[in-house]
Amino acid sequence: MKESFWAIFIIMVGVIAILFVNFFQNITNTDDHNYNLLKETTEAAMYDAFDFASYRADGVIRIDREKFVENFLRRFAASANLARTYQIDIYDVNETPPKVSLKVSSSESASITGNEGGVIDFEISNQLDAILETPY
């Protein structure tokens, strides 16, 4: 009888360990996905918002603020995970020299007991400051 209790204990510890690993893997994957999506979307939106007219006329490297925000939101929404709710904060968009500061937040929640009392929420935030570099 004593050996069967040990077997049940080991099986329960194994199941709990697998659940913890699965939960933290979901959090890590969400963080990596958000960061890579933020980085790639920001770079592409900055290239799309490049103002060729001012570069040809004066040689000034600048981006258009409204075009950047529009392209960033469109590209981010096209590639984001539809099961999550995102909050996008655009802190600073400098047109000359081209620089942007962004923050993307999402939350991950898990229920330990299966009801409202045992819910754990994690706030996952990624912040990025990007400067458009040009070869000279």
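1. One aromatic cluster is made up of Phe68, Phe72, Phe76 and Tyr86. This is a predicted model, and every value below is computed from it. Phenylalanine 72 and phenylalanine 76 sit in helix α3 (residues 65-79). They are four residues apart, which puts about one helical turn between them. Phenylalanine 72 is buried, at a relative accessible area of 0%. Phenylalanine 76 is buried too, with 3% relative accessibility.

2. Seven aromatic pairs turn up in the structure. Take phenylalanine 20 and phenylalanine 24 in helix α1, four residues apart, or about one turn of the helix. Their ring centres are 6.5 Å apart and their planes meet at 15 degrees, so this pair is stacked. Phenylalanine 72 and phenylalanine 76 have ring centres 5.8 Å apart and planes at 25 degrees, so that pair is stacked as well. The cut-off behind both calls is under 30 degrees between planes. Phenylalanine 24 is partly exposed, at 42% relative accessibility.

3. Helix α1 covers residues 2-48 and includes isoleucine 8. Isoleucine 8 also belongs to a nonpolar surface patch with Met1, Phe5 and Met12.

4. Five salt bridges are found in the whole structure. One of them joins arginine 75 to aspartate 48, with the closest N and O atoms 2.6 Å apart. Arginine 75 is in helix α3 and aspartate 48 in helix α1, so the bridge ties together parts 27 residues apart in sequence. Both ends are partly exposed: arginine 75 has 29% relative accessibility, and aspartate 48 has 33%.

5. Aspartate 51 pairs with arginine 62 in another salt bridge, where the closest N and O atoms are 2.6 Å apart. This pair links distant parts of the chain, 11 residues apart. Aspartate 51 is in the loop between α1 and α2 (52-58), and arginine 62 is in the loop between α2 and α3. Aspartate 51 counts as buried, at 18% relative accessibility. The cut-off for buried is under 20%.

6. Glutamate 95 and arginine 65 also form a salt bridge, at 3.9 Å from N to O. The limit for a salt bridge is 4 Å. Glutamate 95 lies in the loop between β1 and β2, while arginine 65 lies in helix α3, 30 residues apart. Glutamate 95 is partly exposed, with a relative accessible area of 22%. Arginine 65 is partly exposed at 38%. Through shared partners, salt bridges connect Asp51, Arg62, Arg65 and Glu95 in one network.

7. Check the peptide bond from threonine 96 to proline 97: it is cis, with omega near -10 degrees. Proline 97 falls in the loop between β1 (86-94) and β2 (99-111). Glutamate 95 is in the loop between β1 and β2 as well.

8. Is asparagine 126 buried or exposed? At 7% relative accessibility, asparagine 126 counts as buried. Asparagine 126 belongs to strand β3 (residues 119-131). Leaving aside residues up to four places away in sequence, asparagine 126 touches Asp31, Asn34, Tyr35, Leu38, Leu102, Lys103 and Val104. With aspartate 31 there is a side-chain to side-chain polar contact of 3.2 Å. Lysine 2 and asparagine 126, by C-alpha positions, are 50 Å apart in space and 124 residues apart in sequence.

How values were computed
Residues are numbered from 1 along each chain as its sequence is written. This is a predicted model: local features need pLDDT of at least 70, side-chain atom pairs count only at pLDDT 80 or more; totals for chains, interfaces and linings use all residues. Side-chain values use heavy atoms; hydrogens and water are left out. Patches are made of residues with over 30% relative accessible area and no salt bridge: like charges are joined within 9 Å, nonpolar side chains (Val, Leu, Ile, Met, Phe, Trp, Tyr) within 5 Å. Accessible areas come from the Shrake-Rupley method with a 1.4 Å probe; for residues, only the protein chains shown count as cover. A salt bridge is a side-chain nitrogen of Lys or Arg within 4 Å of a carboxyl oxygen of Asp or Glu. Helices (H or I, at least four residues) and strands (E, at least two) are DSSP runs, numbered from the N terminus. Rings of Phe, Tyr and Trp (its six-membered ring) pair if their centres lie within 6.5 Å; planes under 30 degrees apart count as stacked, over 60 as edge-to-face and the rest as tilted. Buried means under 20% relative accessible area, exposed over 50%, partly exposed in between (1.4 Å probe, protein chains only). Contact means heavy atoms within 4.5 Å. A polar contact is a pair of N or O atoms within 3.5 Å; within protein, one must be able to donate a hydrogen and the other to accept it, and residues adjacent in sequence count only if both atoms are side-chain atoms.
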